[in-house]
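Here is a short report on one protein chain. Look at the sequence and the model first, then read on.

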Amino acid sequence: MSHKLEAVAVMIILTGFLLFNTAQTALVGALLIAGGAYALILPQFIEPHGPATR
């Protein structure tokens, strides 16, 4: 995974946490947290780093 993409995903998660703490924007914050986590984990399924084991 690109370090730049990883940094952007982490910044999205941190922004989501900041927005989640505000009552008016809790839903937006939760969506940003979920989207950032999805962006961090998705490449692990697309490009596995090791051989598949059985």
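## A glycine and its helix

Gly35 is partly exposed, because its relative accessible area of 36% falls between the 20% and 50% cut-offs. This is a predicted model. Gly35 sits in helix α2, which covers residues 26-46. Gly35 and Ile13 are 22 residues apart in sequence, yet their C-alpha atoms lie 7.7 Å apart.

**The chain as a whole**

The chain has two helices and zero strands. Of its 54 residues, 11% count as buried. Its accessible surface comes to about 4,500 Å². Carbon and sulfur atoms account for 71% of that surface.

**Along α2**

Helix α2 has 21 residues. From its first C-alpha to its last it reaches 30 Å, close to the 30 Å expected at 1.5 Å a residue. There is also a bend to find. A kink of about 25° lies at Leu40, shortly before the proline Pro43.

Which residues of α2 are buried? They are Gly29, Ile33 and Gly36. These buried residues pack against α1. An α-helix has 3.6 residues a turn, so residues three or four places apart point the same way.

**On the surface of the model**

Now turn to helix α1, residues 3-20, where Met11 lies. Met11 forms a nonpolar surface patch with Val8 and Ile12. Together the three have about 240 Å² of accessible area.

The table sets the two accessible areas side by side.

| Item | Accessible area |
|---|---|
| Whole chain | about 4,500 Å² |
| Patch of Val8, Met11 and Ile12 | about 240 Å² |

Key: Residues numbered from 1 in each chain as written. Predicted model: local features only at pLDDT ≥ 70, side-chain atom pairs only at ≥ 80, totals over all residues. Heavy atoms only, no water. Helix = DSSP H or I, 4+ residues; strand = E, 2+ residues; numbered from the N terminus. Buried < 20%, exposed > 50% of the residue type's maximum accessible area, 1.4 Å probe, protein only. Areas by Shrake-Rupley, 256 points an atom, 1.4 Å probe, with all protein chains shown as cover. Patch = residues over 30% accessible without salt bridge, like charges linked within 9 Å, V, L, I, M, F, W, Y side chains within 5 Å. Salt bridge = Lys/Arg side-chain N within 4 Å of Asp/Glu carboxyl O. Expected span 1.5 Å × (residues − 1). Bend = angle between axes of the 7 residues up to and from the residue. Contact = heavy atoms within 4.5 Å.
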